[in-house]
Amino acid sequence: MDIRVTYQLLTRMPLLQGISGMELARIEERVSLQTEEIPTSHYPFITQGQNCRELVFLVDGTLLRQATSRDKLYTATEQLFAPMVIEADKLYGLACEYAASYRSQTDCHLIRISKKHVGDHLMKNDIFRLNFLNMLSAIVQRQEARLQPRKTGTTDEKLRRFITGCFSHDMGEKLLQIKMTDLAEYIGETRLNVSRQLNSMADKGIIQLRRKEISIPDASEKEHISA
């Protein structure tokens, strides 16, 4: 990809927004910002539990993010679109492991920056550092919102809260693979109540139901699941 096009794309990247092209050029002297092409694949280039040693930017294309719960009772799959950065919050801290696996749904362009280069160069840029702190704050705030008790509220509220808590972003297609009995147990409801509420949501076009699967066709075009 032409370096001028690369810089235009980089200025739209999370964490890099607000940094001038001239400053990015200076960073390029020390850190490679060349894009890496990843073809469409059924195999992940990042796996859940893998140690995070770099910042990975999705410059162009669409990814599929798949996360399996620790108890192995459900799996959540969602589309992610460029521009975005993959799990920047896992670069530092006590548990530097990816929370999900990622594979390319379309041909993608990535930029990878090692943890060392982030510390040695990017963190010395005031705009990058502020963007990084704002992103971490937003992630923490979203996680706090998801920590509400799963077993309080109406069946509709509990279902929506649980489903949204399984995903990291609001946009794109989403798929939750879970048994009805396990879902009912998670939210403290009877299987019958859960079935009734899911069918009501399906009738409204919010979700689609298949055996052991709940899919959201496109959260940007349907009534929002967390509404």
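## Ground rules

Here, "buried" means under 20% relative accessible area, exposed means over 50%, and partly exposed is in between (1.4 Å probe, protein chains only). You're looking at a predicted model, in which local features need pLDDT of at least 70, side-chain atom pairs count only at pLDDT 80 or more, and totals for chains, interfaces and linings use all residues. Residues are numbered from 1 along each chain as its sequence is written, and side-chain values use heavy atoms, with hydrogens and water left out.

## The protein as a whole

The protein has 7 helices and 10 strands; these are DSSP runs numbered from the N terminus (helices: H or I, at least four residues; strands: E, at least two). Of the 227 residues, 43% are buried.

Take the contacts (heavy atoms within 4.5 Å) between residues at least 6 apart in sequence: 71% of them join residues at least 24 apart.

E87 sits in the loop between β5 and β6 (101-104). Its phi is near 45 degrees, a positive value in a residue other than glycine.

You'll find K72 in the loop between β3 (62-68) and β4, and it is exposed, with a relative accessible area of 66%. Further along, P83 lies in the loop between β4 and β5 (84-85), and a cis peptide bond joins A82 to P83, with omega about 0 degrees.

## Helix α6 and its cover

Helix α6 spans residues 180-187, and its buried residues are D182, L183, A184, Y186 and I187. The cover over them includes β4 (74-81), α5, β8 (174-178), α7 (191-203) and β10. After α6 comes G188, with a positive phi near 70 degrees.

Strand β10 (residues 213-216) holds I216, which is buried at 5% relative accessible area. I216 and A202 are 14 residues apart in sequence, and their C-alpha atoms are 9.6 Å apart.

## An arginine without a salt bridge

R161 belongs to helix α5 (residues 155-165). R161 is buried yet has no salt bridge, meaning a side-chain nitrogen of Lys or Arg within 4 Å of a carboxyl oxygen of Asp or Glu. The nearest side chain of opposite charge is E157, 5.4 Å away. A polar atom of the R161 side chain does lie 2.5 Å from the backbone oxygen of T152.

Notes: Lys, Arg positive; Asp, Glu negative; His and termini not counted. Polar contact = N/O pair within 3.5 Å; in protein donor to acceptor, adjacent residues only side chain to side chain.
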